[in-house]
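Subject: Structure handover

Hello,

Please find the structure below. My notes on it follow.

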Amino acid sequence: MRFTRQATAALLALLTLPACAPSDGAAATPAASGKGTPAPVADAGAGAPGIGDTDFPLDGNGGYDVGHYDVTIGYTPATKHLDGVTTIDATATQPLSRFNLDLRGLEVSEVTVDGAKAGFDRRRDELVITPATALAKGARFTVKVTYAGEPKPVKDPSNLGTYGFIPTTDGAFVASEPSGSKTWFPNNDHPADKATFDFRITVPRGLTALANGELTGKTAAPGGRTTFTWRETHPMVTYLATATLGKFELRQGRTAGGIPNLAAVDPAYHDALGKLYRVSGEVTDYWSKVFGPYPFSATGGVVDNFSAGYALENQTKPMYGGFDPDTSIIAHELAHQWFGDSVSIERWKDLWLNEGFATYAEWLWSEHTGGATAEAMFRRQYAAKNDPIWKYPPGRAKPGDLFNQSVYRRGAMTLQVLRRAVGDETFFKLLRTWVADHKYGNATTPEFIALAERLSGKQLDTLFDAWLFQPSRPEV
Ligand SMILES: [Zn+2]
């Protein structure tokens with residue numbers, strides 16, 4: 001995720017307002033009630049309503065681990081109506097008489113667990129499911145949720161603007177970080193639970209639906225519609241899932257390094273298509289040399305006509321919301337394919353592992369293309385003694401202000417200080433080892449610090465403490 005410059009200025013103004021509560025608590029969804037079993041406050045066999053991230057107590061859920069999502073949706077832009085069936089393959093990590101999915105708004109008509117009708121209840125953004133038969137620990141099970149309605153994006157004035165499933169004039173712009181995927185399909189909405197995905201998206205003829213991974217089919221559907229099927233075979237966090245749809249011009253091929261490359265632009269950005277395709281290919285190939293082999297089966301980018309004021313690194317399909325991206329932001333979003341998408345955070349407080357690294361990648365791209373070196377970029381930032389980033393320790397992202405500039409810029413500065421301390425050879429070996437060790441998984445800041453110390457043979461606690469965890473400008 002990266003904000004455009006105008007959006008950053010607007011956010012800096014907004015950040016003087018009191019921070020809002022996390023999204024789960026901020027806006028209540030009317031409690032729709034199904035033919036549910038009334039669920040008691042606590043019982044021994046209930047999965048927790050949150051995955052255990054204390055900053056976002058209701059994000060994700062406990063008691064199971066998702067292996068695969070099959071997300072089938074039909075969407076009609078003229079009426080903004082969505083019909084959905086989501087089928088989830090999961091494994092119980094404890095005995096479960098009841099468990100939750102995250103779903104915001106939308107009307108649920110039926111839930112089955114292993115083919116048998118299940119009871120369900122809605123509590124704000126929680127869909128509470130009571131299977132007909134309790135699940136044993138270790139049981140693999142399949143949940144199918146049938147639902148419909150008009151998806152409403154999350155509007156969070158404290159930090160992010162608008163995210164989730166966002167209607168546009170010709171379709172929808174779908175960018176869900178941090179917790180907006182629940183606005184269009186039921187899921188375990190937290191980066192700690194990664195899964196593979198199949199998407200089946202039906203839209204009026206003439207429109208294109210773009211999801212993650214590779215296109216596996218495009219077929220005619222009843223009612224003059226078209227169904228696009230996409231498959232992401234590599235584990236993915238829920239916020240990176242997309243089903244962006246509308247009128248698009250496409251350019252497809254392969255990067256010079258042989259990676260399938262797809263660029264798509266809303267017709268309003270016709271002139272951006274060639275550059276988006278070319279630069280996305282060049283950047284993907286270059287990062288493959290610097291960070292290690294590209295982790296996914298496709299690359300590219302999408303420019304839509306919704307003025308989000310940000311870009312998001314949707315897996316295999318970075319999304320640029322209403323602007324023609326410059327090479328620096330393309331370098332940022334594609335670096336996230338390694339840092340954030342393949343190696344994902346376990347808890348939101350470690351967000352600098354995504355944003356500090358992607359921002360540092362912008363500096364590396366500048367260095368690579370003959371612009372300012374990373375050291376020069378560092379010095380420019382460090383010279384600003386009164387920058388608010390010095391009061392915000394980036395190693396501990398705050399729940400009401402996750403995407404603070406410190407997480408980006410001071411996070412990147414931390415990497416430059418580390419590079420100085422360990423030398424180029426060890427530093428780049430560290431980046432490659434980090435992405436190789438945690439490929440398709442989750443990781444934490446203490447694990448990064450331990451790896452840096454192991455590879456360098458140096459004691460780095462003081463450096464990391466000063467740069468990541470102290471509310472002051474470190475000495476250099
Ligand atoms: Zn980012």
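Arg-420 and Glu-375 form a salt bridge, their closest N and O atoms being 2.6 Å apart; the term means a side-chain nitrogen of Lys or Arg within 4 Å of a carboxyl oxygen of Asp or Glu. Arg-420 belongs to helix α7 (residues 405–422) and Glu-375 to helix α6 (residues 374–382), so the pair ties together parts 45 residues apart in sequence. Helices here are DSSP runs of H or I with at least four residues, strands are runs of E with at least two, and both are numbered from the N terminus. Arg-420 is partly exposed, at 40% relative accessible area, whereas Glu-375 is buried at 18%. Buried stands for under 20% relative accessible area, exposed for over 50%, and partly exposed for values in between (1.4 Å probe, protein chains only).

Before going further, the conditions. This is a predicted model, in which local features need pLDDT of at least 70 and side-chain atom pairs count only at pLDDT 80 or more, while totals for chains, interfaces and linings use all residues. Residues are numbered from 1 along each chain as its sequence is written, and side-chain values use heavy atoms, with hydrogens and water left out.

Other salt bridges

The count by the rule above is 15 salt bridges. Arg-200 and Asp-70 meet in one of them, at 3.0 Å from N to O. This pair links distant parts of the chain, with Arg-200 in strand β13 (residues 195–204) and Asp-70 in strand β2 (residues 64–76), 130 residues apart. Arg-200 is partly exposed at 35% relative accessibility, and Asp-70 is buried at 17%. Asp-424 and Arg-419 form another salt bridge, with 2.9 Å between the closest N and O atoms. Here Asp-424 is partly exposed at 42% and Arg-419 is buried at 9%. Both belong to a network of salt bridges that also includes Glu-367.

Met-1 lies in the segment before β1 (2–3) and His-332 in helix α4 (residues 327–335), so the two tie together parts that are 331 residues apart in sequence. Met-1 and His-332 are both buried.

Strands and sheet

Strand β7 (residues 119–123) has four of its five residues buried, so the rest of the structure largely encloses it. β7 pairs with strand β8 (residues 126–130) in the antiparallel sense over five bridges; pairing requires that DSSP finds at least two bridges between two strands. Phe-120 stands opposite Ile-129 in β8. The two strands form a hairpin with two residues between them, and Arg-124 in the turn has a positive phi of about 50 degrees.

An open sheet of six strands runs in the order β1-β21-β22-β20-β19-β18, with mixed pairing. β1 and β18 (249–254) stand at the edges with a single partner strand each, so one side of each has no neighbour in the sheet. Within the sheet, strand β20 (residues 299–304) and strand β22 (residues 319–321) run parallel and are joined by three bridges. Asp-304 has Gly-321 in β22 as its bridge partner.

Regards
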